[in-house]
Amino acid sequence: MSVELVEVVRSGFRECVHRGSLVVLDPAGDVRLALGEIRTPIYPRSSNKPLQAVALLRQGFVPRSTEELAIATASHEGEAGHVRLVDALLAGHGFTEDDLQCPPDLPGNEPARATIVAAGHPRRTVYMNCSGKHAAMLATCAANGWPVRAGSDEPGYLDSAHPLQQAVVETVLDLAGDVEDTDLGIDGCGLPIVPLPLVNLARAYSRLATAGPGTPERAVADAIRSHPHLVSGTGKDDARLMPAVPGLLCKAGADGVHAGALPDGTAFALKIDDGHERARLPLTAALLHHLGVTWSEEHAELASQPVLGGGIRVGTVRAIPGVL
């Protein structure tokens, strides 16, 4: 059963509570802290992207820079730098935006979205937050001579029967370890998604964070840690957390999922039951502090997000005192 993890306090009154589950593994992989349902499968959503990127590297994807590898793991905000990277990744492997099979969208970043809307431009697939992953999957298909679009007798790259998606499933389960067979779901971008218990998701992140030089796992971890803004975007959780904690590897997923690991292999994974993303950042920040991370004054506010009234701060969103 899930537990109360995060509270919203307005003017000294507890207004809302977010329930969820979380797990922390020590560097040896043993459970150090468990709250709620840590062995019940969830959809990790975009927290699976670093694991998917490992699969692409194992299958012959050769990014031309760490930036290209980072955008392959991204839940980007459609900012100009994100879009340029996705376009360049597509062009570098003989594709265009028309080859992307993720749904069209507007940028998630508010100023970027406002610029597009004001100019009367339509939604585009390249703006969709998963377009970097889709572009990297197209590049991997090209490297292997695999089909991209479904034909009369062959699956497209979105199909779970496609050799790329079968390799992704194999890699995710290899990294996560000891996962019983579970049915695949369909993520928001249209690709298959592998459900994982939180304890297995944390284990996979520990493997990425501690992988040896020259391995696909290490390459993915280093790209994410080197380019937190590319992996997320201005003001987003990962872009705020990784610069604040040297060596931290983390990746947020939709509907209140977060997973990450410290350089020594200490790893965590969490899921907010109601999917509200406001609970994720303060809970992760409080969890990292619980694990011994020392915050600078500049970053201390990460664990206490503001509640506004009349445009001024009147409360906080924070981990429930004493829960960790």
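Rings of Phe, Tyr and Trp (its six-membered ring) form an aromatic pair if their centres lie within 6.5 Å, with planes under 30 degrees apart counted as stacked, over 60 as edge-to-face and the rest as tilted. By that criterion, a search of the whole structure returns zero aromatic pairs. The model is a predicted one, in which local features need pLDDT of at least 70 and side-chain atom pairs count only at pLDDT 80 or more, while totals for chains, interfaces and linings use all residues. Residues are numbered from 1 along each chain as its sequence is written, and side-chain values use heavy atoms, with hydrogens and water left out.

One ring does take part in an interaction with a charge: the charged end of Arg 124 sits over the ring of Tyr 127, 5.0 Å from its centre, where such a placement requires NZ of Lys or CZ of Arg within 6 Å of the ring centre and within 35 degrees of the ring normal.

The helix packing comes next. Two packed helices are described by the angle between their axes and the distance between the axes. Helices (H or I, at least four residues) and strands (E, at least two) are DSSP runs numbered from the N terminus, and axes are lines fitted to C-alpha atoms, for helices over the stretch in contact, with angles running from 0 to 180 degrees between N-to-C directions.

Helix H3 (residues 80-92) packs with helix H5 (residues 131-144) at about 10 degrees, their axes lying 9 Å apart; H3 and H5 are therefore roughly parallel to each other, given that angles under 35 degrees count as roughly parallel, over 145 as roughly antiparallel, 65 to 115 as roughly perpendicular and the rest as oblique. Val 86, Leu 89 and Leu 90 of H3 make the contact (heavy atoms within 4.5 Å) with Ser 131, Gly 132, Ala 135, Ala 136 and Leu 138 of H5. These residues comprise six nonpolar, two polar and no charged, where Ala, Val, Leu, Ile, Met, Phe, Trp, Tyr, Cys and Pro count as nonpolar, Asp, Glu, Lys and Arg as charged, and the others, Gly among them, as polar.

H5 also packs with helix H6 (residues 163-176), at an angle of about 110 degrees and with axes 10 Å apart, so that H5 and H6 are roughly perpendicular to each other. Met 137, Thr 140 and Cys 141 of H5 and Leu 164, Gln 165 and Val 168 of H6 make this contact, which has four nonpolar, two polar and no charged residues.

H1 and helix H7 (residues 198-210) pack at about 55 degrees, with axes 10 Å apart, and are therefore oblique to each other. Pro 50, Leu 51 and Val 54 in H1 meet Leu 201, Ala 204, Tyr 205 and Leu 208 in H7, a contact with seven nonpolar, no polar and no charged residues.

Arg 45, in the loop between strand S3 (31-35) and helix H1 (49-58), has a positive phi near 55 degrees although it is a residue other than glycine.
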